[in-house]
Amino acid sequence: MTTNIFFCGYSYHTQQFHSQHKSGFPVYLFRLQTEGICEVVVKGRRMELKKGDLLLIQPGDHYELFVKERQNSGDYHLACEGAWVEEWWNRSAKPTVSRIDLDEKLLSLWRYIIVEKRRPPSQENEELTEYLLRSLCLSLERTINETAPSFSYPYTVTRMMRYIEEHATAVFKVEEVAQHAGLSVSRSVHLFKKSVGKTMMEYAQEVRLSAAMERMKYTTMTLEQIAENCGFGAYPYFHKVFKKKYGVAPGAYRRLNLD
């Protein structure tokens, strides 16, 4: 083990609460505000945390948490240390507070770690816990980077791209993508095309083709099954789109890779 998780859990405060580490928090702390509001003091700076705010603290940081009277506050939290975590932390600047989405995949990772840490020490799979922690760290880092103003695309566009990537192999509507990003259909269509250089459906087509190529290389699925599985519907349409993009029919492409 190159990491150690001291605690990992979920808290919900409905009464006044105060926690302080004026001499410095002893390890790395990740805290994601999921409900309500609270206040924190980090390195002498007082901040209000709202839903979607991620707090990252490194060892030695002065840290205090306040939940006032008649305030409700819910959060996921994790405290850890170790060589890998230290290397991950130092590889790029980590903002103290970032506004991120409460993505279900991210929360699922957090919950998975919580469940593992609840097991008796003799039953905990330490290797699995470590890889889950690494996955959480890397997912947090990517989410922070994607919400930063310097990222390649506006964050709303990134949200649309991620939604399309997740739903490309099924039937989805542009209206659903726009709703996910919190934009009108016309605004989302214009912003996506301006930022990415292609329409949402053109982007979805690229994702579908990529998924189809993987299945042709690494599975024994028939081309008809692949066409349906990857969101193309009938095989003739898949054949047409694939040949137009790569200049070769799907069957010929598959034979070439098998050879």
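Modeller: We can go from the overall layout to one helix, then to salt bridges and a few single residues. Keep in mind that this is a predicted model.

Colleague: Fine. How many helices and strands are there in the protein?

Modeller: The protein has 10 helices and nine strands.

Colleague: What radius of gyration does the protein have, and what would a compact globule of 259 residues have?

Modeller: The protein has 23 Å, whereas a compact globule of 259 residues would be near 18 Å. Along the principal axes, the C-alpha atoms fill a box of roughly 65 × 50 × 30 Å.

Colleague: And what share of the residues is buried?

Modeller: Buried residues are 42% of the 259. The accessible surface is about 14200 Å², and carbon and sulfur atoms account for 50% of that surface.

Colleague: Of the contacts between residues at least 6 apart in sequence, what share joins residues at least 24 apart?

Modeller: That share is 69%.

Colleague: Let's change topic to helix α9. How far apart are its end C-alpha atoms?

Modeller: They are 16 Å apart.

Colleague: Which residues of α9 are buried?

Modeller: Phe238, Val241 and Phe242 are the buried ones. They sit on the same side of α9, because the arc they cover around the axis is only 95°.

Colleague: Why would residues a few places apart point the same way?

Modeller: An α-helix has 3.6 residues a turn, so residues three or four places apart point the same way.

Colleague: Which residues are exposed on the other side of α9?

Modeller: Pro236, Lys240 and Lys244 are exposed there.

Colleague: And what covers the buried residues of α9?

Modeller: The cover includes three helices: α7 (200-218), α8 (223-229) and α10 (250-258).

Colleague: What happens just after α9?

Modeller: Gly247 comes there, with a positive phi of about 75°.

Colleague: Which residues other than glycine have a positive phi?

Modeller: Lys43 is one of them, with phi near 50°. Arg70 also has a positive value, near 60°.

Colleague: Where does Lys43 lie, and is Lys43 buried or exposed?

Modeller: Lys43 is in the loop between β4 (38-42) and β5 (45-49). Its relative accessibility is 52%, and the cut-off for exposed is over 50%, so Lys43 counts as exposed.

Colleague: And where is Arg70?

Modeller: Arg70 lies in the loop between β7 (63-67) and β8 (73-82). Arg70 counts as exposed because its relative accessibility is 78%.

Colleague: On to charges. How many salt bridges does the count come to?

Modeller: The count is 17. As background, side chains of opposite charge can pair when their charged atoms come close.

Colleague: Which residue does Glu87 meet in a salt bridge?

Modeller: Glu87 meets Arg91, at 2.8 Å from N to O. Glu87 has a relative accessible area of 40%, so Glu87 is partly exposed. Arg91 is partly exposed as well, with a relative accessible area of 40%. Through salt bridges that share partners, Glu87, Arg91, Lys94 and Glu141 are joined into one network.

Colleague: What about Glu48?

Modeller: The side chain of Glu48 forms a salt bridge with that of Lys50, at 3.9 Å from N to O. Glu48 is partly exposed at 40% relative accessibility, and Lys50 is partly exposed at 41%.

Colleague: Which residue pairs with Glu206?

Modeller: Glu206 pairs with Lys198 in a salt bridge, with the closest N and O atoms 2.8 Å apart. Glu206 counts as partly exposed, at 31% relative accessibility.

Colleague: Last one: Tyr28. Where does Tyr28 lie, and is Tyr28 buried or exposed?

Modeller: Tyr28 lies in strand β3 (residues 28-36). Its relative accessibility is 7%, so Tyr28 counts as buried.

Colleague: What is Tyr28 in contact with, beyond its neighbours within four places in sequence?

Modeller: Its contacts include Ile57, Pro59, Leu78, Ala79, Cys80, Val85 and Trp89. Take Ala79: 51 residues separate Tyr28 and Ala79 in sequence, yet their C-alpha atoms are 5.5 Å apart in space.

Key
Residues are numbered from 1 along each chain as its sequence is written. This is a predicted model: local features need pLDDT of at least 70, side-chain atom pairs count only at pLDDT 80 or more; totals for chains, interfaces and linings use all residues. Side-chain values use heavy atoms; hydrogens and water are left out. Helices (H or I, at least four residues) and strands (E, at least two) are DSSP runs, numbered from the N terminus. The expected span of a helix is 1.5 Å times one less than its number of residues. Buried means under 20% relative accessible area, exposed over 50%, partly exposed in between (1.4 Å probe, protein chains only). The arc is that of the directions from the helix axis to the C-beta atoms. Contact means heavy atoms within 4.5 Å. The radius of gyration is taken over C-alpha atoms; the globule rule is 2.2 Å times the number of residues to the power 0.38. Accessible areas come from the Shrake-Rupley method with a 1.4 Å probe; for residues, only the protein chains shown count as cover. A salt bridge is a side-chain nitrogen of Lys or Arg within 4 Å of a carboxyl oxygen of Asp or Glu.
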